[in-house]
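Walk through this structure one side-chain contact at a time. Start with the charges that pair up, then turn to the rings, then to the charges left over.

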Amino acid sequence: MKTDSAPEKKRKGSRSLRARLTFSFILFAVLLMAVIWIMQTGFLEQYYEIAMEKRAAAGMKLIGAAYSYPADLDLDEFCDRLADLSSESDLYFYIEAVDGTFTISSNEQIGAGRMFMGGGYLTRQAIQMLGESQTGSVSFIAQAGGREDSSILVNASLITSEYRDSIYLVSVTPLTPLGPAVGILSSQLKIITVIALFLGCLIAFFYSKRLAKPVIGLKNKAQELARGNYDVDFDSTGYAEIEDLGETLNQTARELAKADDLQKDLLANISHDLRTPLTMIKSYAELIRDISGENKERRDEHLQVIIEETDRLSDLVGDILALSKLQAGTEVMENQPVDIQKSAESILNVYRVLEEQDGFKLTFTTVPGRIWVMGDERKLQQVMSNPISNSIKYSGDSKDIEVAFSEEDGRIRFSVTDHGIGIADEDKEVIWDRYQKASRQGTRVRGTSTGLGLSIAREILQLHHALYGVVSELGKGSCFWFSLPIAEKDIEADDNF
Ligand code: ADP
């Protein structure tokens, strides 16, 4: 099945896999850098304030808990903690008893200079706001000493305890101006962006090449397949999906090869086998036209030959098709439980008419119960029908035919025995090959013969993994048999047999 080579088309709107991958990588790098830029420059201030607020709140919570809970508070230890926390988190704490009896400042613990500009004024303002507020805590940001670029975060809470006096707890923390930092970050980010884009392009180039390589490999092989090379191997490694695709394409190539074989086989068979009967039909038609047209008896004789040859032609076409399909492996086989004896009986019933018509005696021996085998019932019937019809064809003068089932070692054996012309030893092997007929000089044969029946039967039996064979002696008769594993035996079932 040769086809023209598929031209590489330029498709509108579709870009190559590599181009897409490269573009995606670069886009990813650009977007990533854009997000970093926005976060680092645009939102840095807000982010910093939120972080500082969280830190101050956490410090306040810690101090508040340390003051209010232990029944016997060691004031020195408490002040030490206050100082530690203050220096660790850059927070200035101020505590004042609500009744004004004492004040504690982390400044006193960590030395002068820790009090921020305007800290004293701000703590007073916070305590005043706390007194007016109903919520028990206040928080605000104030400009440090009126300077616009630096500000101070002030938090204040009312801490009550069942063990000691209630206090106002105030924390003050400076918010460092971020302008210079943002400037440094921006210039650094410019360099990082250039490096990231360069690396993005580099990775995109190599990785897209790596990713696209197996796909391009498969594409090239698929083009070979399109040109009619069915032996092309789509095996590719690297990515599971590509491997799966390769396996699917291998299967497709196998199926295409089979279909191609079938086509070739069929053509060869048809041209070879149809010529003989067609020649006969043509010759006899000419005979009728030129010689026997007026003579009814001769004409009927010649017409009978034409009818028989037409039947033969029809049988032949059916057989050729069946065999070609079986050999090419395109025939779909079922695998169902088959009641093999019942199936055989229905086949045998078709031939029963010969008992009355031609004096044949067909005996049928079965195994008790129903015997199930796994397979394709229609095909198995074809396999059973072939030796029965052959035994009739080649029975010679003896008209006794025995069809029998027997059971041995978990298998069911089907056999058809006749006492007809038999087969010579040298022919026993070849009769299974197509178009092979045993030599039978002078022997009368009933019905048409194509030489394909046994080859079809053999193909079907092999697909069923059956054992099969023939026992025959020239002039004495033949026994064709096959055996299949029993799938299930149901002795209790109806006693038809
Ligand atoms: P066909 O019967 O159409 O020629 P088959 O493939 O069924 O084709 O059989 C192949 C050949 O095997 C037959 O032509 C015949 O020579 C031989 N053969 C088959 N069955 C018998 C039989 N029961 N007795 C004698 N010869 C047989």
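The count of salt bridges comes to eleven. The model is a predicted one, and each such bridge brings a side-chain nitrogen of Lys or Arg within 4 Å of a carboxyl oxygen of Asp or Glu.

Take three of them. K428 and D425 join through their side chains, with 2.7 Å from N to O. D425 has 60% relative accessibility, so this residue counts as exposed. R289 bridges to D290. Here the closest N and O atoms are 2.8 Å apart. R289 and D290 are both exposed. R352 pairs with E355, and their closest N and O atoms lie 3.4 Å apart. That distance falls under the 4 Å limit, so the contact counts as a salt bridge. How exposed is R352? R352 is partly exposed, at 27% relative accessibility. E355 is also partly exposed, with a value of 26%.

Now the rings. The structure holds seven aromatic pairs. One of them joins Y67 and F78, whose ring centres are 5.9 Å apart. Their planes meet at 55 degrees, so the pair is tilted. Stacked would need planes under 30 degrees apart, and edge-to-face over 60. Y67 belongs to helix α2, while F78 belongs to helix α3. The pair therefore ties together parts that are eleven residues apart in sequence. Are these two residues buried or exposed? Y67 is buried, at 2% relative accessibility. F78 is buried too, with a relative accessible area of 3%. Both values sit under the 20% cut-off, so neither residue reaches the partly exposed class.

F364, F405, F414 and F482 form one aromatic cluster.

Which residues make up the patch of negative charge? The members are D72, D74, D76, E77, D80, D84 and E88. Follow D74 as an example. D74 sits in the loop between α2 (44-68) and α3 (75-89). Its relative accessibility is 42%, so D74 counts as partly exposed.

Y67 in α2 and F78 in α3 pair through their rings, and Y67 and F78 are buried.

Conventions:
Residues are numbered from 1 along each chain as its sequence is written. This is a predicted model: local features need pLDDT of at least 70, side-chain atom pairs count only at pLDDT 80 or more; totals for chains, interfaces and linings use all residues. Side-chain values use heavy atoms; hydrogens and water are left out. Patches are made of residues with over 30% relative accessible area and no salt bridge: like charges are joined within 9 Å, nonpolar side chains (Val, Leu, Ile, Met, Phe, Trp, Tyr) within 5 Å. Accessible areas come from the Shrake-Rupley method with a 1.4 Å probe; for residues, only the protein chains shown count as cover. Lys and Arg count as positive and Asp and Glu as negative; His and the chain ends are not counted. The place of a charge is taken as NZ of Lys, CZ of Arg, CG of Asp or CD of Glu. Helices (H or I, at least four residues) and strands (E, at least two) are DSSP runs, numbered from the N terminus. Buried means under 20% relative accessible area, exposed over 50%, partly exposed in between (1.4 Å probe, protein chains only). Rings of Phe, Tyr and Trp (its six-membered ring) pair if their centres lie within 6.5 Å; planes under 30 degrees apart count as stacked, over 60 as edge-to-face and the rest as tilted.
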